[in-house]
Amino acid sequence: MTGLTTSEVEERRARGEGETGARSVTKSTGAILRENICTLFNALNFAIAILLFAVGAYSNMLFIAIIILNIVIGIAQEFKAKKLVDELTILNQPHAVVLRDGKETTIEAGDIVKDDVMVLDSGKQICNDAVVIDGRLEVNESLLTGESDSIDKTAGSELYSGSSVISGRAYARVTHVGDENYTNSLINEVRQEKRVHSELLDSMRKVTRFTSFLIIPLGVLLFVEAMFLRHSGTYDAVVSSAAALLGMLPKGLVLLISVSLATGVIRLAKAKILVQNIYSLETLAHVDVLCLDKTGTLTDGNMSVDRIVPLGERGAAEDSDALLRAYLDASEDNNMTIAALRAHFGADGSTADAGQPAAPAGDGRFAAQAIIPFSSKRKWGAITMRAAAGAADAPRHAQEGESAAATGTVFLGAPERILGVNLPDEAAALMGQGLRLIAVGYLPGAWTDEERLPDALQPMFLIALRDNIRPRAKETLAYFRDQGVDVKVISGDHPDTVAAVARQAGLEHWRDVIDMTSVPADAPDSTFDDVAGRYTVFSRVTPKQKRQLVQAMQRAGHQVAMTGDGVNDLLALREADCSIAIASGSDAARQISQVVLLDSDFTYLPQVVLEGRKVVNNVTRTAAVFFIKTIYSVLVSFFCLALNVPFPFIPIQITLVDACIEAWPSFLTIFESDTRRIRGRFLPTALGKAAPFAIAVTGMIIAFSLIAPFGETQNRTVMFALLIAASMVAVIKSCVPFTKIRVFVCVTMVLGAPFALLILPHLFEVVAMTGPMRAWFAVAFVVMTAVTAAIIAAQRAWLRSRR
């Protein structure tokens with residue numbers, strides 16, 4: 001078998017039978033422009049600007065410059081994040097091995113053409129629909145069908161893009177490319193089905209829906225009342241109504257969230273941490289349960305043989321080493337365990353070309369006759385051997401027939417499967433050292449039953465494999481423990497091995513271990529709820545059980561993150577609130593995960609958590625200032641409608657508050673490193689902090705409107721000064737405890753807004769304050785501050801009573 005030639009590949013590509021390539025994990029340029037420009041907030045702001053332009057209120061249109069600047073900043077920041085993430089994504093794209101000109105060649109998945117012959121083995125993602133032409137595979141199609149059971153694929157079987165190879169090796173001819181595939185991309189399908197939870201995004205959607213519900217009817221009513229009840233001119237009616245509506249829109253908050261998240265993604269990209277969904281950064285910051293795989297996560301995945309323990313007469317037989325070496329040479333499995341065994345025994349793992357008889361393996365004394373690939377579901381594999389003589393006449397796979405010259409069958413798998421439940425004394429001692437055990441058994445004659453093991457299996461070897469603990473594993477687990485994150489270890493290994501590794505890694509409750517073979521996969525949810533809550537270390541876990549454990553933790557109200565590197569982790573990765581892949585793992589695990597650690601080191605996870613906390617803490621702290629204006633604008637608008645009085649401010653004054661008191665402090669402090677644990681929910685926290693100031697400002701406006709001690713311009717000047725003062729107090733309070741940057745922000749804010757009023761009084765339509773006006777201002781400010789403090793004290797007392 002030679003596959004396609006170079007000229008045949010070019011011909012097919014010219015006919016349009018080449019891959020169109022996977023869609024980018026980031027937004028397209030058009031999507032970024034559309035999502036930053038075509039928003040409801042922007043539409044409402046531009047509509048207000050058009051109305052102001054129509055009546056000639058040009059100075060009051062200055063707010064639109066801020067809107068345009070917000071759009072430009074948002075687009076620029078997202079483009080910068082997209083560029084960095086796309087560059088990292090190239091390192092993370094799946095690759096395929098194909099036969100070209102008779103040689104196995106590794107190419108990018110996007111270079112596949114129709115009729116290419118793919119070479120598939122364990123851990124590979126199937127990038128295109130194909131048909132098996134030779135060999136045998138065990139395939140996981142759970143992400144397509146929802147069924148977790150593996151499916152055997154032999155010659156003539158159809159393979160679907162988006163599925164993954166669990167074990168075996170085969171050649172498959174590509175039948176579909178591009179949009180003709182059953183699923184053009186596993187990743188895009190998964191993302192469409194699974195919506196990433198984002199409290200920040202959900203909260204802003206609620207605010208958008210609420211303000212959108214109010215803003216149009218309130219705007220119409222305010223305009224109609226001004227025109228027909230107060231008989232104001234069109235200019236005054238539009239300006240007054242526009243000011244009320246502009247105050248309801250927290251214009252900079254959506255941009256603040258986007259810029260904060262994009263900045264965090266950029267910082268992580270520079271550290272070679274690929275965040276494939278921008279809101280995953282926030283999700284991981286809320287995680288309170290972290291599920292870690294053992295092999296390749298707690299350990300570095302570089303396995304090596306520590307020792308070999310011969311078992312019984314068969315282990316001491318003269319041909320035992322040769323049989324094991326023959327098994328490793330003939331095996332089609334391609335995982336870390338087999339690689340470590342091959343390196344130790346000097347096996348090269350070569351297999352015969354498709355359709356050709358198996359060549360003698362090992363030292364030439366034995367050749368493979370029938371192969372049962374290793375399966376993570378049954379936890380064993382087997383190869384029937386025969387004497388090398390007459391090797392060319394024997395078929396390669398068991399399903400193609402058997403040779404009467406079979407010498408025996410070598411079995412390799414989990415000790416409790418190969419050796420039974422009564423393991424030798426050496427096993428417990430080795431597993432207590434954190435070593436992973438593999439057992440080798442032997443059966444005279446052939447064996448083709450893939451569903452069960454023979455009763456008369458003779459033990460040969462117990463092989464102990466060492467997998468090194470990652471250097472900073474203890475510090476990382478200690479960090480999560482201090483931060484209140486409950487770490488669980490989920491593994492398919494023996495309980496003693498997993499517990500020993502957890503102990504060496506510094507896991508606090510490593511003794512709380514359970515063997516999941518004691519829990520039926522069809523057990524009720526209540527059983528998994530109990531197990532997930534009681535234990536910390538889970539061993540002998542099947543892929544389906546991993547998902548059930550994640551679901552049980554979620555039912556208990558936890559935010560769950562799951563790390564993984566293999567196809568056996570796919571179900572759990574898909575189910576978790578935040579999925580994290582180790583880049584050195586399988587293509588499928590990397591492609592489905594929201595976060596990919598390109599350096600394959602889970603000890604970088606605290607950095608991801610800290611970036612997420614920076615975003616959530618900084619946005620929550622500053623959001624209250626934005627919501628002050630939203631709350632009082634809504635309340636004052638209803639008051640103005642009820643008493644038939646104009647809204648006390650004009651758009652240009654609202655713009656000054658937006659720029660100097662909301663935007664300037666917020667965007668300057670979002671880059672601070674506030675990595676404290678997240679407490680409370682975003683929207684209730686932000687609204688709760690804003691409410692005392694908003695209520696005090698509303699009361700002040702109502703009092704001044706009813707008393708009206710001065711003329712219209714003088715009243716507006718005093719009320720606007722009080723609004724600025726109250727907003728500044730809110731900003732200063734949010735900056736406690738003070739840092740250098742926060743002191744700078746507060747000083748420039750306190751000096752900047754009054755300076756703008758001083759040099760441009762006509763633009764903002766204010767007048768110099770006389771003695772009586774200053775006296776009213778001082779009294780009102782003291783009262784307003786006292787009311788604010790009283791409301792804050794009442795809030796705290798109420799919260800304490802609820803604890």
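Q: Why are H25 and H26 called roughly antiparallel to each other?
A: Helix H25 (residues 682-707) and helix H26 (residues 712-734) pack at an angle of about 170 degrees. Angles run from 0 to 180 degrees between N-to-C directions, with axes fitted as lines to C-alpha atoms, for helices over the stretch in contact. Under 35 degrees counts as roughly parallel, over 145 as roughly antiparallel, 65 to 115 as roughly perpendicular and the rest as oblique. The angle of about 170 degrees therefore puts H25 and H26 in the roughly antiparallel class. Their axes are 10 Å apart.

Q: What kind of model is this, and which residues count for local features?
A: This is a predicted model, where local features need pLDDT of at least 70 and side-chain atom pairs count only at pLDDT 80 or more, while totals for chains, interfaces and linings use all residues. Residues are numbered from 1 along each chain as its sequence is written, and side-chain values use heavy atoms, with hydrogens and water left out.

Q: How do you know which residues of H25 and H26 meet?
A: Contact means heavy atoms within 4.5 Å. On the H25 side that picks out Phe693, Val697, Met700, Ile701, Phe704 and Ser705, and their partners in H26 include Val718, Met719, Leu722, Leu723 and Ala726. By class, the contact has twelve nonpolar residues, two polar and one charged. Nonpolar covers Ala, Val, Leu, Ile, Met, Phe, Trp, Tyr, Cys and Pro; charged covers Asp, Glu, Lys and Arg; the others, Gly among them, are polar.

Q: Is the crossing of H9 and H23 left-handed or right-handed?
A: H9 passes H23 in a right-handed crossing. The rule looks at the near helix: turned from the far one by less than a right angle, anticlockwise is left-handed and clockwise is right-handed.

Q: Why is Glu475 called exposed?
A: Buried means under 20% relative accessible area, exposed over 50%, and partly exposed in between (1.4 Å probe, protein chains only). Glu475 comes in at 52%, so it counts as exposed. Glu475 is in helix H17 (residues 473-482), where the buried residues are Ala473, Thr476, Leu477, Ala478, Tyr479 and Phe480. Those buried H17 residues pack against several elements, among them strand S16 (458-469), helix H18 (495-505) and H23.

Q: What makes H13 largely enclosed?
A: Nine of the eleven residues of helix H13 (residues 320-330) are buried, so the rest of the structure largely encloses it. Among the buried ones are Leu323, Leu324, Tyr327 and Asp329. Over the whole protein, 56% of the 803 residues are buried.

Q: How do you know whether Cys735 is bonded to Cys746?
A: A disulfide is a pair of cysteine sulfur atoms within 2.5 Å. The closest cysteine sulfur to that of Cys735 is in Cys746, at 3.8 Å, so it is too far for a bond. A search of the whole structure finds zero disulfides. Cys735 is buried at 2% relative accessible area, and Cys291 counts as buried at 0%.

Q: What kind of peptide bond joins Val736 and Pro737?
A: A cis bond, with omega about 0 degrees. Pro737 is in the loop between H26 and helix H27 (740-759).

Key:
Helix = DSSP H or I, 4+ residues; strand = E, 2+ residues; numbered from the N terminus.
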